[in-house]
Amino acid sequence: MDASLKIVIVDENPIRAAILRDGLHEAGHTNVTHIEDRNGLLARIYAIDPDVILIDLENPSRDVLEQMFQMSRAVKRPIAMFVDQSDTASIQASVDAGVSAYIVGNLQKDRIKTILDLCISRFNAFARLQDELDRAKSALEDRKVIDRAKGILMKAKNLTEEQAYALLRKTAMNENKKIAEVAQSVITAAELFR
Amino acid sequence: MTDRLRIGFIPLCDATALLVAVDKGFAAAEGLDIELVREVSWSNVRDKLNIGHFDAAHLIAPVAIASSLGLGHIKVPIIAPFALGVNGNAITVSPALYGAMAEAAQGDILDPMTSAQALARVVAARKVKGDDPLTFGMTFPFSTHNYHLRFWMAAGGVDPDEDVRLVVLPPPYMVESLQNRQVDGFCVGAPWNSVAVDLGIGHILHFDSEIFARATEKYLGLRQRWAEENPDIVRRLVRAHQRAADFAESEINRDEVAALLAAPHRIGVEAEVIRRTLDGRLKVSPEGAYRSDPRYLLVGRDGAARPDPAQAAWLYAQMVRWGQAPLSGEMLAAAKAVCRPDLYDAALSGSLSAGETPHASIGAFAGPQFDPDNIETHLAAWNIKRLM
C-alpha cells in the first residue's frame, strides 16, 4: 500500500531493527533503510531523504535528529517530531516502548499513526523476546553451575549424580534458597579448600 | 512520610547538587526517596519529564524555556524552583585550530573579542583557499552551548549559520568527534573539555565564565502542574538541593564529592578530572598549562542556586536572535515565569541572600548591558542575527 514511503530506522541494535523492518515489510512498506552507525548520521539521512525517521530512545543520536527542526535551510523539507497534542496516550505508549518517530514533509498524521503503532508493538515484542532470552541464558548458566556442584559433591562425598542433586535440592529447600545459589556456594567453598 | 520520586539526569558536573542530594542522604533527610535515572539525550529527558515518567529533571535551561513556550515540541509548562549550576561550560578547539587562531590573533587570545576576531580571520582565510567550513559541536538546538558559541563568534564577525557549521553532538561523544576530526571545536559542560585536553586532542580556548560573568546553565525542572499539586514536595526538594549544593561547595568535602560523582552510574569519569572542575582549576592545553577561575562552575555559591528570571529572558532573547522564536512580550513573560525564585525563597524561608541584581547578571564580554525588560535593545545591538 505505502511502498512509496521512504522510512529510515536509526537503531544501534541490529536485531530489533530487523524485527521492525520485517513488520514494516509485512505492512507493505518496502522502502526501509536501517542506519546503525552514529557517524555521519545527518549526511546519510539527507542523502536518503526519507518521509519518516524512526529512532530508539536509548540512542544518543536523538538530540542530533532534533537539530533537523532547526536546519530548514539545509534540508529540503521540514521535519517535525510526531507529536499530537491531543493524543498523549500514543506518546506515552511510544516512550514506554522506547521508540520515537519523526515526520519529514507534510505527511498526513493518520499515515504515520499506523506506522508508529506498528513500531510500538514490534518494540514491545522485541523487549519480550529479550526478556525471554535473558531468562533462558540465566537458566543455562544455572544448569552449568549445578552440574559443576554435583560433580564436586559426587567426588567429595562419593555420591551418585541423583544423590548429589537430591542433596543440593534438600539444602536449598531447608535454607529457602535457589538450587543454583546453593550450587554456587558449593563451588566457592570447593575453591577455598583447594 | 516518604515520597518516591523519579528524576532524570545527564552525566555532567552541573548535576552535582542533585547527585549529592541523593547519594549523601540530603533528600532522604527530607523524606524523599529518589530514584535517579541516567539518560542519554536531552530529548529523552524532556519527553519523560513532559509525559510524567519523571517527576523532576536535571534540565538544560533553554529546554525548559522551549518546552514552556511550545518551541520545537509539545507545549508543557515547566518551572524551575532551583538552578543547578551557573557557568561551567568551556569552548575547546583542536590543536590545529588553536594554532591557526593563535597565529591570526592580534593581541591576547585569552581575550574573547581577540579570539573571536582571530576565528573570523581563520574562517576568511579558509574561504579564500576553498577549504571546508569549520565545524563546531554543541549539545542541543535549545542549549546554552549553542547560544554561547554563537554569541562569542558573532561578536568577532563570524556568522554561525553562514561561515561555520554548528552540529549537535551528545556530550559523551564530543571528545570522540574531535579526535575523528568530525568537528574542529565544541562547547560543552564539564568534564568533557578536560577529557579532550587529557587525551591531547583539545585545547580549552575559553571558560564560559570568561565570556559571561554569570550564565545560568541547568535547572531542576518540574512540570508546573505537578509542582502546583505537590507544594510540600517542592519545598523539600529545594531544601535537599540547597544543602547538597552547600556541601559540595565546601572545600573540605570536595574529594568526597568528586569520588561520589565519579561513580560509573553517575558521571563515570575519573574523580581527579571532576575535582578540577569543582576547583575551577583546569588543564587547558595538552602541554599541561593550567588556568584557574573560581567562577568556572558555581553549584550553589554566590546565589547561584536561586533561579534568575533575567537569565531566562537572556536565553529567550537568544532564541529570538537566532530565529528559533518570534519576538513577543507574551513569550518573554512566559520565559521569565519558568524561573521561580519565590518558590526557592519560600522553601528556604528567605534565609539566603538574593544574589546579584538581575540586571547586571549576564555580564557578557561584548554588547550593551542586558536589560531583561527590553530585549529589543539587545537584539538591535547586533548585525549578525536571524530574526523570524
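In what order do the elements of chain A run from the N terminus on? They follow the pattern β-α-β-α-β-α-β-α-β-α-α-α, which comprises seven helices and five strands. Here helices (H or I, at least four residues) and strands (E, at least two) are DSSP runs, numbered from the N terminus. The model is predicted, so local features need pLDDT of at least 70 and side-chain atom pairs count only at pLDDT 80 or more, while totals for chains, interfaces and linings use all residues. Residues are numbered from 1 along each chain as its sequence is written, and chains are lettered from A and ligands numbered from 1 in the order in which they are written.

Of the 194 residues in chain A, 31% are buried, a term for residues with 20 or more other C-beta atoms within 10 Å of their own, these atoms being placed from the backbone. Two residues are in contact if their C-beta atoms, placed in that way, lie within 7 Å. Among contacts in chain A between residues at least 6 apart in sequence, 61% join residues at least 24 apart.

Turning to the interface, 17 residues of chain A are in contact with 21 residues of chain B. On the chain A side, the elements that give two or more residues are α3 (62-70) and α4 (88-97); α3(A) gives the most, with seven residues. By class, this side holds eight nonpolar, five polar and four charged residues. Ala, Val, Leu, Ile, Met, Phe, Trp, Tyr, Cys and Pro count as nonpolar, Asp, Glu, Lys and Arg as charged, and the others, Gly among them, as polar.

β5(B) (residues 89-93) and β9(B) pair in the antiparallel sense over four bridges, and B:Ile91 stands opposite B:His206 in β9(B).

Two helices of chain B also meet. α1(B) (residues 16-23) and α13(B) (residues 254-262) pack at an angle of about 95 degrees, with their axes 10 Å apart. Axes are lines fitted to C-alpha atoms, for helices over the stretch in contact, and angles run from 0 to 180 degrees between N-to-C directions. The two helices α1(B) and α13(B) are therefore roughly perpendicular to each other, a label for angles of 65 to 115 degrees.

Key:
A residue is buried if 20 or more other C-beta atoms lie within 10 Å of its own, exposed if 12 or fewer, and partly exposed in between; C-beta atoms are placed from the backbone. Angles under 35 degrees count as roughly parallel, over 145 as roughly antiparallel, 65 to 115 as roughly perpendicular and the rest as oblique. Two strands pair if DSSP finds at least two bridges between them.
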